[in-house]
Amino acid sequence: MPKISAEDKNLTVLNIFTTDAPEKQEGLLGAMREIVDSAAYPGWMSSTVHAGVDKPGTANFIQWRSRADLEDRYNAEEFEHRTLPLFGELTTSIRLLQNEIAYSQATSGDKVEISPARGDYTVITVFGVEEKDQDDLVDALGPSMAFLNDVPGYVSHTVLKGIAARGLEGSFVISYSQWENKEAFDAYQAVEQGDRPAARLEAEKRTGSLLTSVDSNTYQVVHTRAAGE
């Protein structure tokens with residue numbers, strides 16, 4: 001089971017694909033499972049495939065030993081001439097996002113875990129930000145969100161600082177959060193502004209002042225595999 005921690009210094013890649021139909025999402029998931037199950041790339045550590053819930057699409061959370069290992073994968077003929085063309089036929093957008101784990105927090109106190117067996121309702125949000133404000137946004141989305149530990153149904157959240165990308169221009173920060181179920185997340189979202197704790201209001205104010213764009217979707221983890229399995 002892949003685990004997430006800011007103490008880990010490996011490269012984390014989040015590949016996000018959007019599509020315009022549920023049947024194309026199923027095609028993407030099938031192709032991703034095949035790739036993950038046969039993965040034997042030098043430096044590849046794990047992949048976890050997510051199926052879009054609110055909007056059709058997929059996300060693949062991948063851990064690599066280093067950027068050099070990932071670039072070797074990207075430069076391989078099979079990736080350029082088979083993998084990308086296949087995904088291009090099924091998607092409306094492809095974003096290949098390289099990140100470092102900047103912050104992670106879980107109600108369990110342990111490392112964040114991702115696995116189909118857990119049944120988490122996962123929310124992935126990509127925030128656009130000016131390069132000069134990237135570190136401030138990481139802080140606003142990370143340590144400033146400690147109040148979430150008291151929210152019913154909250155499980156964990158991880159903040160990823162973008163370091164490179166294909167299919168996305170400019171600097172970015174990603175929030176990867178886990179909830180027990182959709183109802184818990186919806187209840188959190190529905191709290192009226194006047195009823196929100198001061199810490200939440202302050203974090204939302206800080207975050208909102210730094211953003212240039214926001215794109216979010218919800219997911220269910222459907223498949224995972226780590227090197228050596």
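The model is predicted, so local features need pLDDT of at least 70 and side-chain atom pairs count only at pLDDT 80 or more, while totals for chains, interfaces and linings use all residues. Residues are numbered from 1 along each chain as its sequence is written, and side-chain values use heavy atoms, with hydrogens and water left out.

On a 1 Å grid over the protein atoms alone, a pocket is an open set of points with protein on both sides within 12 Å along at least five of seven lines, and a lining residue has an atom within 4 Å of a point. A volume is the space filled by probe spheres set on the points, which are joined across faces, edges and corners. The lining of the largest pocket consists of 19 residues, with F127, M145, S175, Y188 and Q189 nearest the centre. Two or more lining residues come from each of β7 (121-129), β9 (171-179), α5 (182-190) and α6 (198-208); here helices (H or I, at least four residues) and strands (E, at least two) are DSSP runs, numbered from the N terminus. With four residues, α6 gives the most. By class, nine of the lining residues are nonpolar, seven polar and three charged, where Ala, Val, Leu, Ile, Met, Phe, Trp, Tyr, Cys and Pro count as nonpolar, Asp, Glu, Lys and Arg as charged, and the others, Gly among them, as polar.

The second largest pocket contains about 160 Å³ of space. Its lining includes M1, P2, K3, S5, D8 and N10, as well as I101 and A226. Five nonpolar, five polar and two charged residues make up this lining.

A cavity is a set of grid points where a 1.4 Å probe fits but cannot get out. The largest cavity has about 250 Å³ of space, and of its 20 lining residues N15, I35, N60, I62 and R73 lie nearest the centre. The elements giving two or more residues to this lining are β2 (11-18), α1 (22-38), β3 (44-52), β4 (57-64), α2 (67-75) and α3 (77-90). The largest share, four residues, belongs to α3. The cavity lining has 15 nonpolar, four polar and one charged residues.

Two of the elements around the cavity, α1 and α3, also pack against each other at an angle of about 160°, with their axes 9 Å apart. Axes are lines fitted to C-alpha atoms, for helices over the stretch in contact, and angles run from 0 to 180 degrees between N-to-C directions. The angle makes α1 roughly antiparallel to α3, a term for angles over 145 degrees. Contact (heavy atoms within 4.5 Å) is made by K24, G27, L28, A31, M32, E34 and I35 of α1 and R82, T83, L86, F87 and L90 of α3. Seven nonpolar, two polar and three charged residues form this contact.

The axes of α4 (residues 134-141) and α6 come within 9 Å and cross at roughly 160°, and these helices are therefore roughly antiparallel to each other. D136, L137, D139, A140 and L141 of α4 meet A203, R206 and T207 of α6. In this contact, four residues are nonpolar, one is polar and three are charged.

Notes: Parallel < 35°, antiparallel > 145°, perpendicular 65-115°, else oblique.
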